[in-house]
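Subject: Structure handover

Hi,

Here is the structure for your files. My notes on it follow below.

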Amino acid sequence: MENKNDQLPLWEVFIQKGGSPFKHEGSIHASDKNMALQNARDIYTRRGEGRLIWVVPSSSIAATTVEEEAEFFDPADDKIYRHPTFYKMPEGAKNI
Amino acid sequence: MTEEEKLKRFNALIEQDEKIEPKDWMPDAYRKTVLRQMTQHAHSEVIGMQPEGNWVLRAPTLRAKKILLAKIQDEGGHGLYLYSAAETLGMDRSEMIQQLHEGKAKYSQIFNYPTLNWADIGAIGWLVDGAAIVNQVSLQRTSYGPYSRAMVRICKEESFHQRQGYEIMATMMNGTEAQKEMAQDAMNRWWWPSLMMFGPSDKDSWHTQESMQWKIKRASNDDLRQKFIDKTVDQAYVIGLTVPDKDLKFNETSKHWEIGAINWDEFWNVVKGNGLCNHKRIAHHIKYHNEGQWVRQAVLAYSEKINAMQSATSL
Ligand SMILES: [Fe+2]
Ligand SMILES: [Fe+2]
């Protein structure tokens, strides 16, 4: 078939709006960074959804996996003293 | 985790109205159904640009042309959101396009009808996008995370589509006798196919039950269709259009509009490939996809060259 595997590389798109952190918005196909930025602009910001864009080749993203999830996050699971609710407040003390 | 535990966890997520994410374990049938629905939806957005594109060069005013271009660009964007959501399940986009070209993947039957006069552009925005919105609003709560997020984004963009269509119809119904006739003619041709967009009646839809159980679909075909009818019949009356259904009547007890029988033979005939434009739509897509081949090759060659130059200078 003529059109097999003829797509441009995949990029992940992150956009920042206002003072918020960059947020993953989706992905696009592009041959290089300039095209990736332009395509991201045309697909994800047609109505002022943000003024700063990051594009990253999808293949460059390292991610945690569901299989390792339990083991990987285990160190934080038993440290309830990291939460303010762990502490007893003396009777009569208002918010610190 | 054993298979049984995985299934239990999956069912619990569905039960609690949580989203299923790409890397989560899911039953094969769930993956297949979501993938089929997302690619079908993506193809519909993209093929749907053709009947509207037919009128860009003949739009009656510059204002109308700009609006139509913006709307068509949105539909292209919707297609891309949905392809990218479908890619999260590991299917290559080339394969999706190939399935479309080979007729293995479907798109909405509605786009196999021709756009004969300018009022058809009004009717598409008002009726076709109107029907799509009812469906998509409900799909914002679908259980597959990337699909749900694409729907939220799409719904934000859709309301202008329906409004601009209704505005075209209202303007024409305020115009000359010839314009009124064109508007009514478009209404007569698009009303029934728009009702068919929601798919077969619940009693004949074998996909619905499983999809509802897994919360891929959140409302049944007939319920969504009724919602659209109730909303749209009133809008037709407001601008003086007649709904082409002699059996249409308002049920005072249920407070719903009741319609006459839908011609499902016509629906299946179009789905099976015998609509007025089936062949044209696919032939057009194949032609321009293949004609773009050299552009894709050229930009890839260019980026390889730039990369090679950059790594040479950084040594
Ligand atoms: Fe759309
Ligand atoms: Fe639309």
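Which residue bridges the iron ion (ligand 1) and the iron ion (ligand 2)? It is B:Glu75, and the two ions lie 3.3 Å apart.

Before the details, some ground rules. This is a predicted model, in which local features need pLDDT of at least 70, side-chain atom pairs count only at pLDDT 80 or more, and totals for chains, interfaces and linings use all residues. Residues are numbered from 1 along each chain as its sequence is written, chains are lettered from A and ligands numbered from 1 in the order in which they are written, and side-chain values use heavy atoms, with hydrogens and water left out.

The iron sites

Donors here are N, O and S atoms within 2.8 Å of the metal (3.2 Å for Na, K and Ca); water is not among the atoms, so sites may look incomplete. Ligand 1 is held by B:Glu45 (OE), B:Glu75 (OE), B:His78 (ND1) and B:Glu158 (OE), at 2.1 to 2.5 Å. The spacing of these donor residues in sequence is E-x29-E-x2-H-x79-E.

Ligand 2 is coordinated by B:Glu75 (OE), B:Asp129 (OD), B:Glu158 (OE), B:Glu158 (OE) and B:His161 (ND1), at 2.0 to 2.7 Å. Its donor residues follow the pattern E-x53-D-x28-E-x2-H. Distant parts of the chain are linked here: B:Glu75 is in helix α4 of chain B and B:His161 in helix α7 of chain B, 86 residues apart. Helices are DSSP runs (H or I, at least four residues), numbered from the N terminus.

The helix packing

Helix α4 (residues 62–87) and helix α6 (residues 118–139) of chain B pack at about 40 degrees, with axes 13 Å apart. Axes are lines fitted to C-alpha atoms over the stretch in contact, and angles run from 0 to 180 degrees between N-to-C directions. α4(B) and α6(B) are therefore oblique to each other. For reference, under 35 degrees is roughly parallel, over 145 roughly antiparallel, 65 to 115 roughly perpendicular, and the rest oblique.

B:Ala64, B:Leu68, B:Lys71 and B:Glu75 in α4(B) meet B:Trp118, B:Ile121, B:Gly125 and B:Asp129 in α6(B). Contact means heavy atoms within 4.5 Å.

Best wishes

Key. Helix = DSSP H or I, 4+ residues; strand = E, 2+ residues; numbered from the N terminus.
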